[in-house]
Structures are given as structure tokens and as C-alpha cells.
Amino acid sequence: MTYREKYFELKNLNNKYLTNNVIKTILMDDGGFNDFLGLLAKFDEAIKDENKLNGYIERIKAGEPYQYVLGYAYFVNSNYKVTPDVLIPRQETEQLAVSVMSTIVKMFGKDPKLTIVDVGTGSGILAIYLKEYFKNSVVIGTDISPKCLRIAGENAAKHNVFVDFRQCNMMDTINEKIDVVISNPPYILNASSVAL
């Protein structure tokens, strides 16, 4: 089966989890394409691993987030490992990252030597993004979960940056002078979303 045939087959399923964006993403993943134009250029070629792709599709159709199925999520034009141990970054997280970066530049200049702390770092995405941009700054990421910190460490290694990840509650182990604190904790929309 070709990518074109699979694309239209999936579009016709009308599954609420298989949105157009998800379909494109899983097809790009199968072919190793960096973007949709790469997929379009090979649209009439055979799918590389149809059994694996079909397994992904069944999991997504059942409601598992496609980022967990693929094992990564995109964030500001790069991808980061995600598992059910960490939250999937939202678009608002990207907006926060860009806003914080711009604010730091306005307040401290383009290459400041700061200590930046990301509280509740999760997958480490915010801390890594800031360390990539502010190379002379010390960036610390804290989280209470060792599973989150393991994923964060893998993401930092993949992006070739050093972030000082620490297991603690909030900032319990921070004794350094802090210049910037950032946090993007999980939130819930309303009280009915909480399982008691």
C-alpha cells in the first residue's frame, strides 16, 4: 500500500483521534520524512512498515495520544522523547518558552550569565530550550519524579546541552542565587476533570 492510499483510507475512517495532522505525522514517521513536503514527494511509494503503522493506528484509534504512540513530541521545530511518565507539551508551552526567552533578552541582553530554574521540568523541554538559547547561563530543572528526570536527561543528551536536573519538591535543593524562575505545571480545566 502506498502513502497516498493509506492517507485517504485513514481520512475516510472518521475517527476523532485520527485528525488530518495526526495522519500526516504518523505517515511522516513511517517514512522518516522531516516534513509534509517530504511525504508528498514520496506519496506514491510503498509504506515502509505497514504492520508497525497499523499497530500505531489501532492504538491511536483507541484514544492513546499519538505522541506516546510514536514516543516523541514536536516542540519549537524539534522533537523530544515523551512517554506516559511525562506530559505532552502543548502549544501554550511553546508560547511560554518564546515569551520567556524574549523577556530574558529584554531584561538581561542576548548572552547573559544567569541562573534559570525550571520548576516541575517534566520532560525537560523548557529547560533545554532555554539552555540552547542562553548557553552561558546555568539552567536547573527540578521535578519530584525520578521517571520524569530520566526522560529529561535523555532529551538534554539528545540536544547536546547540559541542564542540572535535580529531584526535589519545587526548589528544595536550590541554594544558588536565582535570576529567573519558570514553571509550566499541569492544569485542569474544571473540577469535574479531577478524579477523587
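A residue is called buried when its relative accessible area is under 20%, exposed when over 50%, and partly exposed in between (1.4 Å probe, protein chains only). The structure is a predicted model, in which local features need pLDDT of at least 70 and side-chain atom pairs count only at pLDDT 80 or more, while totals for chains, interfaces and linings use all residues. Residues are numbered from 1 along each chain as its sequence is written, and side-chain values use heavy atoms, with hydrogens and water left out.

We can start with the cysteines. With a disulfide taken as a pair of cysteine sulfur atoms within 2.5 Å, the count comes to zero. Cysteine 148 is buried, at a relative accessible area of 9%, and cysteine 168 is buried as well, at 7%. The closest cysteine sulfur to that of cysteine 148 belongs to cysteine 168 and lies 13 Å away, so the gap is too far for a bond.

Next comes a pair of helices; helices here are DSSP runs (H or I, at least four residues) and strands are runs of E (at least two), numbered from the N terminus. Helix H6 (residues 91–108) packs against helix H7 (residues 125–133) at an angle of about 35°, and their axes are 10 Å apart. These axes are lines fitted to C-alpha atoms over the stretch in contact, and angles run from 0 to 180 degrees between N-to-C directions. The crossing is right-handed, that is, the near helix is turned clockwise from the far one by less than a right angle. On the H6 side the contact (heavy atoms within 4.5 Å) involves Thr93, Leu96, Ala97, Val98, Val100, Met101 and Val105, and H7 brings Leu126, Tyr129, Leu130 and Tyr133. Ten of these residues are nonpolar, one is polar and none is charged.

Finally, threonine 25 sits in helix H2 (residues 20–31). Threonine 25 counts as buried, at 6% relative accessibility, and touches Tyr66 and Leu70, again not counting residues up to four places away in sequence.

Key:
Nonpolar A, V, L, I, M, F, W, Y, C, P; charged D, E, K, R; others polar.
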